[in-house]
Amino acid sequence: MIDFGIPGGFSSMNRTVGLPAAIGARMILEGKIRVTGVHVRSCRKSMSRWLIELEKLGLHFHEAWERLD
């Protein structure tokens, strides 16, 4: 992931740390997340919710694989 701060606005650290936390808090308050405790983020179903919300806010993810010999 590559992200840059917004001049006169939020830093990249604010966006990449604060936005996912805020999205999670909102989802809990809206009842979209009902599980408790600590969970591994490898669950595609729950991660896709975050990724959709982050894309709406301008944070996009691109995954690429490269074989190193």
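Which residue forms a salt bridge with Lys 32, and how far apart are the closest N and O atoms? I looked this up before anything else. The partner is Glu 30, and the closest N and O atoms are 3.3 Å apart. I note here that the model is predicted.

**Entry: the salt-bridge network**

I stayed with Glu 30. Its side chain also meets Arg 26 in a salt bridge, at 3.6 Å from N to O. Next I checked how open these residues are. Glu 30 has 45% relative accessibility, so it counts as partly exposed. Lys 32 stands at 47%, so it is partly exposed. Salt bridges with shared partners tie Arg 26, Glu 30, Lys 32, Glu 53 and Lys 56 into one network. I then looked up the count for the model, which is six salt bridges.

**Entry: Arg 15**

Helix α1 covers residues 12-29. The side chains of Arg 15 and Asp 3 are also joined by a polar contact of 3.2 Å.

Is Arg 15 buried or exposed? Its relative accessible area is 12%, and the cut-off for buried is under 20%, so Arg 15 is buried. Asp 3 is buried as well.

I listed what Arg 15 touches, leaving aside neighbours within four places in sequence. The contacts include Asp 3, Phe 4, Ile 6 and Phe 10. Pro 20, Leu 57, Gly 58 and Leu 59 are also in contact with Arg 15.

**Entry: the nonpolar core**

Which residues make up the largest nonpolar core? I wrote down five: Ile 23, Met 27, Ile 33, Leu 54 and Leu 59. Nonpolar side chains tend to be buried together in soluble globular proteins. Leu 59 was already in my notes, as a contact of Arg 15.

Not counting residues up to four places away in sequence, Met 27 touches Lys 32, Ile 33, Arg 49, Trp 50 and Glu 53. Lys 32 and Glu 53 belong to the salt-bridge network.

**Entry: a nonpolar patch on the surface**

I turned to the outside. Met 1, Leu 51 and Phe 61 form a nonpolar patch there, and together they have about 300 Å² of accessible area. Phe 61 lies in the segment after α2, the helix at residues 44-56. With 40% relative accessibility, Phe 61 counts as partly exposed.

**Entry: the whole chain**

How many helices and strands are there in the protein chain? I found two helices and zero strands. The chain has 69 residues, and buried residues make up 13% of them. Its accessible surface comes to about 6,200 Å². Carbon and sulfur atoms account for 61% of that surface.

Last, I looked at contacts between residues at least 6 apart in sequence. Of these, 49% join residues at least 24 apart.

How values were computed
Residues are numbered from 1 along each chain as its sequence is written. This is a predicted model: local features need pLDDT of at least 70, side-chain atom pairs count only at pLDDT 80 or more; totals for chains, interfaces and linings use all residues. Side-chain values use heavy atoms; hydrogens and water are left out. Patches are made of residues with over 30% relative accessible area and no salt bridge: like charges are joined within 9 Å, nonpolar side chains (Val, Leu, Ile, Met, Phe, Trp, Tyr) within 5 Å. Accessible areas come from the Shrake-Rupley method with a 1.4 Å probe; for residues, only the protein chains shown count as cover. A salt bridge is a side-chain nitrogen of Lys or Arg within 4 Å of a carboxyl oxygen of Asp or Glu. Helices (H or I, at least four residues) and strands (E, at least two) are DSSP runs, numbered from the N terminus. Buried means under 20% relative accessible area, exposed over 50%, partly exposed in between (1.4 Å probe, protein chains only). A polar contact is a pair of N or O atoms within 3.5 Å; within protein, one must be able to donate a hydrogen and the other to accept it, and residues adjacent in sequence count only if both atoms are side-chain atoms. Contact means heavy atoms within 4.5 Å. A nonpolar core is a set of buried Ala, Val, Leu, Ile, Met, Phe, Trp, Tyr and Cys residues joined through side-chain atoms within 4.5 Å.
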